[in-house]
Structures are given as structure tokens and as C-alpha cells.
Amino acid sequence: MDRPDWTSGTDPSQASVARIYDYLLGGAHNFSADRDVARTVEAIEPQARAIAAANRAFLTRATRFLAAEAGVRQFLDIGSGIPTQGNVHEIVHETAPDARVVYVDHDPVAVAHSTSLLADAPNAAVVQADLTEPAGILGHPTTRAMIDFDRPVALLLVAVLHFVPDEGDPRAILAELTAPLAPGSHLVISHGTHEPRTGEAVTEVYRRAVSQGSRATLRDAEEIMGFFDGFDLLEPGLVRGPLWRPDSPGDVPADPSRFWFLAGLSRKA
Ligand SMILES: C[S@@+](CC[C@H](N)C(=O)[O-])C[C@H]1O[C@@H](n2cnc3c(N)ncnc32)[C@H](O)[C@@H]1O
């Protein structure tokens with residue numbers, strides 16, 4: 001059977017976190033195995049789509065702040081996902097068309113689709129690499145060609161660090177990724193946190209459905225705070241995603257604790 005290009009190099013019977021997230025965001029780059037998992041997740045957590053959308057909205061607000069207010073002109077977006085509405089380079093280039101954006105993901109569908117989207121986008125590129133091997137990201141020829149580490153960089157780790165288990169030593173990964181960043185660089189993180197009603201059950205669905213390298217680990221605020229070591233959190237600190245600088249008070253949901261991810265943006269002094 002012929003398949004469009006974006007499916008090459010992937011096993012459609014094995015669900016992937018990139019494609020499940022794409023489905024929850026209303027995207028079309030997913031297979032029936034992904035949709036089956038997403039529907040199981042939705043049966044446990046009826047807010048799953050709203051949570052995915054809120055995470056994406058946090059990424060949008062953080063990116064807009066970095067480009068328009070903090071004046072950052074280089075972005076390294078790791079675990080960037082399948083392109084959807086409001087991709088980082090589109091947001092950044094509204095403010096600064098000369099700003100550079102490097103996307104990094106290990107998922108072949110995310111990389112294939114990003115490659116085709118970016119074919120005509122100057123100043124943006126995608127790298128297929130793994131967060132758990134920072135040297136492969138920092139030393140990749142595309143990263144080196146696009147990013148000047150003598151100038152501030154925004155490192156985006158949005159909804160990806162929870163796919164690194166404790167035994168993968170996420171703090172060591174962060175230390176390696178942030179060591180070369182110049183003063184004035186920023187670190188943006190969103191991360192799934194414990195949710196007694198549905199969180200562990202959803203995590204268990206992922207644990208059974210996705211490949212071993214992508215299983216999720218929920219963490220508490222103290223553990224996630226530790227990821228900002230060496231950086232100063234900007235206001236409002238580490239908060240539930242919808243509470244991070246909402247565009248308007250009306251955007252804040254009645255019960256933000258139902259959005260079980262924490263989000264923060266920080267700066268290297
Ligand atoms: C939930 S999506 C988040 C996408 C985007 N950052 C956002 O917040 O809208 C998580 C992404 O991280 C990627 N990912 C998971 N583990 C990874 C790893 N070890 N290295 C690189 N990418 C990874 C997945 O393939 C997926 O595209």
C-alpha cells in the first residue's frame with residue numbers, strides 16, 4: 001500500500017506520543033493505533049483535549065513573550081512534536097523574521113512533517129535527535145550552523161521531560177544542555193504532575209501503549225523546580241499551565257488544578 005511521505009520510517013501499529021498528542025490537538029497526522037490510545041485516555045480523563053490545548057497555549061504565550069518582550073532571537077525547541085497550529089517559528093517570526101529556530105524530535109513522523117513544512121521557511125530547521133543524548137543535539141551540524149552559543153538562546157522543553165524516567169537522569173541531561181547557554185538565555189519547561197483522580201491511570205495507559213523509550217513519569221513541583229537549577233524563574237513562577245500569564249482573566253479555567261501540568265519560564269543570569 002502506498003502511503004504519503006510523512007509515514008515513512010515508522011510502524012503504524014505502534015502508538016507514539018507525538019501522534020497521540022497530534023490527535024488530541026485535532027491534527028490529522030496519526031494512525032488508528034494512536035487514536036485508540038487517545039480515546040482510552042479520554043475515557044479516563046475527559047479533559048484530555050483541553051489539557052493538550054492548554055499546554056500548546058502555554059507554549060504560544062511563552063514563545064511570544066521570549067520573542068517580543070525578552071528579545072530572544074535563537075530558539076532550540078526539543079520535543080517539538082508534529083507541526084500544528086501556532087508553531088514556534090511562526091510565532092517568533094511575527095516579531096523577528098531573522099530569529100533562528102531549531103526543532104528537535106526523535107519521532108520520524110514529527111521530523112518528516114516538520115521538514116516538509118520548513119522547506120520554504122528561512123531561519124528554521126529540524127533535527128532528528130534524542131533528548132537523552134544532549135551531545136547529539138548540541139553537536140549536530142544543523143544546530144551548530146543555526147545557533148550561536150555566545151548569544152542568548154531560548155531552550156524549550158515543553159511537555160517532553162516527563163518522557164525521561166528518573167533512571168535516565170533528567171537533571172544531568174539538563175545540566176549538559178544548559179551548560180553552553182550564554183547569560184540571558186531562557187529555559188522553558190512544562191511537565192506533567194501528579195493527579196490523584198486520573199493522572200496515574202492515564203500514565204498507565206501510556207506505559208502499556210507506547211514504546212519503552214517514551215513512558216511518562218509524573219513529578220511533583222519540587223522535582224520540577226529542580227530542573228530550573230542555575231536559572232531564575234520569572235513571574236508567576238512554576239504554576240498550572242493556564243495560570244502562566246493568561247492573555248485575559250477569562251482564559252483561566254474555573255479549576256486550574258484539573259490541568260495537571262506545571263509550567264515555568266526562567267532566565268540564566
Ligand atoms: C506531548 S508532545 C509535545 C510537543 C510540543 N513540545 C508541545 O508542547 O506542543 C511530546 C514530544 O516529545 C517528543 N519526545 C519524547 N521523548 C523524546 C526524546 N527522548 N527525544 C526527543 N523527542 C522526544 C515526542 O516525539 C513528541 O513529539
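**Cavity, ligand and fold**

Trainee: What makes up the lining of the largest cavity, by class?

Mentor: The lining holds five nonpolar, five polar and two charged residues. Ala, Val, Leu, Ile, Met, Phe, Trp, Tyr, Cys and Pro count as nonpolar, Asp, Glu, Lys and Arg as charged, and the others, including Gly, as polar. R56 and D77 belong to the lining, and Arg and Asp are in the charged class. Please note that the model is predicted, that local features need pLDDT of at least 70 and side-chain atom pairs pLDDT 80 or more, and that totals for chains, interfaces and linings use all residues. Residues are numbered from 1 along each chain as its sequence is written, and side-chain values use heavy atoms, without hydrogens and water.

Trainee: Why is this space called a cavity?

Mentor: On a 1 Å grid over the protein atoms alone, a cavity is a set of points where a 1.4 Å probe fits but cannot get out, and its lining residues have an atom within 4 Å of a point. The count comes to one cavity of 30 Å³ or more. The largest cavity has a volume of about 80 Å³, a volume being the space filled by probe spheres set on the points, which are joined across faces, edges and corners.

Trainee: Which helices each supply at least two residues of this lining?

Mentor: They are α4 (88–95) and α5 (108–117). Helices are DSSP runs of H or I with at least four residues, strands are runs of E with at least two, and both are numbered from the N terminus.

Trainee: How do you know which residues surround the ligand?

Mentor: A residue counts as near if one of its heavy atoms lies within 4 Å. There are 19 such residues, and Y21, R56, G79, D105 and V158 are the closest.

Trainee: Why is the protein chain called as compact as a globular protein of its length?

Mentor: The chain has ten helices and eight strands. Its radius of gyration, taken over C-alpha atoms, is 17 Å, close to the 18 Å that the globule rule gives for 269 residues, so the chain is as compact as a globular protein of that length. The rule is 2.2 Å times the number of residues to the power 0.38.

How values were computed
1 Å grid on protein atoms, 1.4 Å probe; cavity = no way out; pocket = protein on both sides within 12 Å on 5 of 7 lines; lining within 4 Å.
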